[in-house]
Amino acid sequence: MDCPHFLLPASPIFSPDKIKSSFPMKHFALAFLTALFAHAAMAGDFTGHWLVRFNADGTTRETSLYLKAANDQLTGYMSSHQGNEAIQDGKITGNTFTFSIVRDNFGELTTSKYIGELKEDTLLLKPASGHGRELTLKRVSSEPPGPMPAPPAKISLPAASPVSYNGLAKTPPMGWNSWNEFANKVSDQLIRETADTMIKNGMKDAGYVYVNIDDTWEGQRDAQGNIQTNSKFPNMKALADYVHSKGLKLGIYSSPGPKTCAGFEGSFQHEEQDAKTYAAWDIDYLKYDWCSASQVYDYHSMPAVYAKMGEALRATGRPIVYSLCQYGVLHGPQWGESVGGNLWRTTGDISDNWKSMSHIGLDLQLGLAQYAGPGHWNDPDMLEVGNGGMTETEYRTHFSLWSLLAAPLLAGNDLRHVSPAIFDILMNKEVIAVDQDPLGKQATRVAKEGDLEVWSRPLADGSHAVGLFNRGASTGKVTARWSEIGVSGSARVRDLWAHADRGQSSTEFSAEVPSHGVVLLKMEAVQ
Ligand code: GLA
């Protein structure tokens, strides 16, 4: 029998060499190991409390599994910053198991499957989908768990009155955000270096002004309940002063829940206090991410929950851009503006790949154009341009699409190390001008034939920005028809990536568009 090495006891008597060298001993050892393996195959020794704790500069993020194994059945619950969640359909096979967790995802029940494996004295747990972090848990007790503690009753807030407009974000915010490339590696030093870079490389002059710290800056609260930074950010006010001294602005992140999505301290029951702290630090932008708020609020209270922070920010008197991050659920774009939001996420998180980006940009923004306008924007998530998971052609498509969508242009890459090709994408001033057009009209899809799509937005000077997209696997000819775009008469055509004029027409314009590529045009009526 081929016995997994980790089932061998530590004693040298059972080392594989010893087994080979002595026949009676081999016989005995094999019998012993077979019995050992058979026992493990019947029921892995999973019962108990398993724990993983991530230390991140003075704050912790914990996940526990409280398990009970009986023959091949596994029961118990998982406990994390998402609350306590019962394990369902737990099945043990040898030293591995599978179970499901059913979650109420804003009114829709979704089932997530997990796979666990016992390896020596640790338990490895990963989502069966293959997406997501693998956790390494250690046993802290062998006691079988008691019943899962009941969750606290959810708070329902009364509908809030509209929050007045703060006068900001007349065009979509531009800048940089730490999350996509750095996640928990964001620090004071990174923010300073990024700000320095944005001055030196001309990005500030091109309009990128917000330098936004995403999740994982948060420390504990002090005795008065004031939020503190963790050790990565020794002095937030000094950092804001530094960023301001460069003519840039500083953004920060929190959640209406008790914990942020990365498990750090959220603003639950400290909304006004936190808004005052941000204002005292001279913060210019807040991204407010729903995360664990579902644990404490009935999610139908979401607009009121967001209005609460909207009001709190307004009450500080400091101009702070308010970015809602609630993934577009509960028709977020319909009420984002009324709770004081300057922008609101319309989907779940973007990933640095073609499938994610093109699905978010080309499929999930349909029907949302009516909610965008000066001061209030749909947010299809931060840019992945330059993070390495897409080709330059795909990144050009990404940047063109976000500009047509009047989306916030928040670069998400390491600005200190950018290739010339990526830099040219982020700095294409003709494309940025489309995004920043003062009319603030988001593009709509005006034609689609299979994988070929035409998107168009009217611009303040009466012209149109038009994107010819090809989602297919080979080059395709895409045609923009004046009748579909709403252009009458003759129009001059300019290619915004080639920086070249392409003549004029009174009916249509066609171009060969590479696979996953774009041809981005400006159509200007000829008088
Ligand atoms: C959520 C948001 C992301 C990022 C992370 C941080 O997933 O959607 O944009 O802010 O949380 O934890």
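Me: Helices (H or I, at least four residues) and strands (E, at least two) are DSSP runs, numbered from the N terminus; in which strand does Asp 89 lie?

Reply: Asp 89 lies in strand β5, which covers residues 88-93. This is a predicted model, in which local features need pLDDT of at least 70 and side-chain atom pairs count only at pLDDT 80 or more, while totals for chains, interfaces and linings use all residues. Residues are numbered from 1 along each chain as its sequence is written, and side-chain values use heavy atoms, with hydrogens and water left out.

Me: How many helices and strands does the chain have, and what does the C-alpha trace span along its principal axes?

Reply: The chain has 14 helices and 27 strands, and its C-alpha trace spans about 100 × 60 × 45 Å along the principal axes.

Me: Why is Asp 89 called exposed?

Reply: Exposed means over 50% relative accessible area, buried means under 20%, and partly exposed is what lies in between (1.4 Å probe, protein chains only). Asp 89 has a relative accessible area of 56%, and is therefore exposed. Its phi is near 55°, a positive value in a residue other than glycine, whereas most residues other than glycine have a negative phi.

Me: What makes Asp 282 partly exposed, and where does Asp 282 lie?

Reply: Asp 282 has a relative accessible area of 21%, so it counts as partly exposed. Asp 282 lies in the loop between α6 (271-280) and β15 (285-289), and its phi too is positive, at about 70°, although it is not a glycine.

Me: Which residues of α6 are buried, and what do the buried residues of α6 pack against?

Reply: In α6, Glu 271, Asp 274, Ala 275, Thr 277, Tyr 278 and Ala 279 are buried. These buried residues pack against β12 (218-221), β13 (227-229), β14 (249-254), β15 and α8.

Me: How do you know that α4 and α5 are roughly parallel to each other?

Reply: Axes are lines fitted to C-alpha atoms, for helices over the stretch in contact, and angles run from 0 to 180 degrees between N-to-C directions. Angles under 35 degrees count as roughly parallel, those over 145 as roughly antiparallel, those from 65 to 115 as roughly perpendicular and the rest as oblique. Helix α4 (residues 188-200) and helix α5 (residues 236-245) pack at an angle of about 10°, with their axes 10 Å apart, and α4 and α5 are therefore roughly parallel to each other.

Me: Which residues in α4 and α5 meet?

Reply: With contact meaning heavy atoms within 4.5 Å, Asp 188, Ile 191, Arg 192, Ala 195 and Asp 196 in α4 meet Ala 238, Leu 239, Tyr 242 and Val 243 in α5. The residues of this contact divide into 6 nonpolar, no polar and 3 charged, where Ala, Val, Leu, Ile, Met, Phe, Trp, Tyr, Cys and Pro count as nonpolar, Asp, Glu, Lys and Arg as charged, and the others, Gly among them, as polar.

Me: What makes Asp 188 buried, and which residues is Asp 188 in contact with, leaving aside its neighbours within four places in sequence?

Reply: The relative accessibility of Asp 188 is 12%, so this residue counts as buried. Leaving aside neighbours within four places in sequence, Asp 188 is in contact with Lys 232, Phe 233, Pro 234, Asn 235 and Leu 239.

Me: Which residues touch the most other members of the largest nonpolar core, and why does this core lie between domain 3 and domain 4?

Reply: A nonpolar core is a set of buried Ala, Val, Leu, Ile, Met, Phe, Trp, Tyr and Cys residues joined through side-chain atoms within 4.5 Å. In the largest, of 87 residues, Ile 191, Tyr 208, Trp 217, Met 236, Phe 399 and Leu 426 touch the most other members, and the largest share, 7 residues, comes from helix α8 (residues 302-316). Domain 3 (174-438) and domain 4 (445-525) both give residues to this core, so it lies between them; the domain bounds come from an automatic or database domain assignment.

Me: Why does Gly 486 count as exposed, and why does Gly 472 count as buried?

Reply: Gly 486, in the loop between α14 (482-485) and β24 (491-495), has 52% relative accessibility and so counts as exposed. Gly 472, in the loop between β22 (464-470) and β23 (476-481), has 7% relative accessibility and so counts as buried.
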